[in-house]
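Here is a short tour of one protein model. Take a look at the sequence and the structure first, then read on.

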Amino acid sequence: MASDALYINDRITIAGWELTEQFVLAGGPGGQNVNKVATAVQLFFGLVNSPSLNDRVKANAVRLAGRRVSKDGVLMIEASRFRSQDRNREDARERLRELILEAAVPPPPPRKKTKPTKGSIERRLKEKSGRSEVKKMRGKPGGD
């Protein structure tokens, strides 16, 4: 159980009771330490049922997390990059923070429709008539 709250930004803070940590044996380099000490961290966060996030951020986070979210809506982040438990714990919390920050980015503003300028319309029509003249000249000469 993670006791301290996770500060995301000035609007979002995840309470400590919402986060659950589990320590497991890590693979990879580390020698005897890896074989004996549970240094890898699995951070669980009930994303879908969290009161700390609004619905838009939850939906974006589920989409960004992909397969890391279970059917129950629980996000699992596994960190085993470092050899110490504390650094892996910080890494998992930082990755959760980055995911939620990315999900909280506001949507882009809607596109404004623009009209072509009067000059560009005239240039386009002049080009069309010029092209038409070139193609007329390619035809067979008319007999007078």
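## Surface and charge

The protein exposes about 10700 Å² of surface, and carbon and sulfur atoms supply 52% of that area. These areas come from the Shrake-Rupley method with a 1.4 Å probe, and for residues only the protein chains shown count as cover. Buried residues make up 28% of the 144 residues. Here, buried means under 20% relative accessible area, exposed means over 50%, and partly exposed is in between (1.4 Å probe, protein chains only).

What about charge? There are 29 positive and 17 negative side chains, and the centres of the two sets lie 12 Å apart. Lys and Arg count as positive, Asp and Glu as negative, while His and the chain ends are not counted. Each charge is placed at NZ of Lys, CZ of Arg, CG of Asp or CD of Glu.

## Where the model comes from

Keep in mind that this is a predicted model: local features need pLDDT of at least 70, side-chain atom pairs count only at pLDDT 80 or more, and totals for chains, interfaces and linings use all residues. Residues are numbered from 1 along each chain as its sequence is written, and side-chain values use heavy atoms, with hydrogens and water left out.

## Overall layout

You'll find four helices and five strands in the protein, and from the N terminus on they run β-β-β-α-β-α-β-α-α. The radius of gyration is 30 Å, well over the 15 Å that the globule rule gives for 144 residues, so the protein is more spread out than a compact globule. (That radius is taken over C-alpha atoms, and the rule is 2.2 Å times the number of residues to the power 0.38.) Helices (H or I, at least four residues) and strands (E, at least two) are DSSP runs, numbered from the N terminus.

Along its principal axes, the C-alpha trace spans about 105 × 40 × 25 Å.

## The nonpolar core

Which residues have the most contacts inside the largest nonpolar core? They are Ile 14, Phe 45, Leu 75, Leu 96 and Ile 100, in a core of 23 residues. β4 (40-46), α2 (55-65), β5 (74-79) and α3 (85-103) each supply at least two residues of this core, and the largest share, five residues, comes from α3. A nonpolar core is a set of buried Ala, Val, Leu, Ile, Met, Phe, Trp, Tyr and Cys residues joined through side-chain atoms within 4.5 Å.

Leaving out residues up to four places away in sequence, Ile 14 touches several residues, including Phe 45, Leu 96 and Ile 100. Contact means heavy atoms within 4.5 Å.

Leu 64 is in helix α2 and is partly exposed at 29% relative accessibility. Beyond its neighbours within four places in sequence, Leu 64 contacts Leu 99, Glu 102 and Ala 103. Ala 103 is 39 residues away along the chain, yet the two C-alpha atoms are separated by 7.3 Å.

Now try the loops. Val 37 lies between α1 (32-36) and β4 and is partly exposed, at 36%. Arg 111 is in the loop between α3 and α4 (118-137), and Arg 111 is exposed, with a relative accessible area of 71%. From Arg 111 to Lys 140 is 29 residues in sequence and 49 Å in space, C-alpha to C-alpha.
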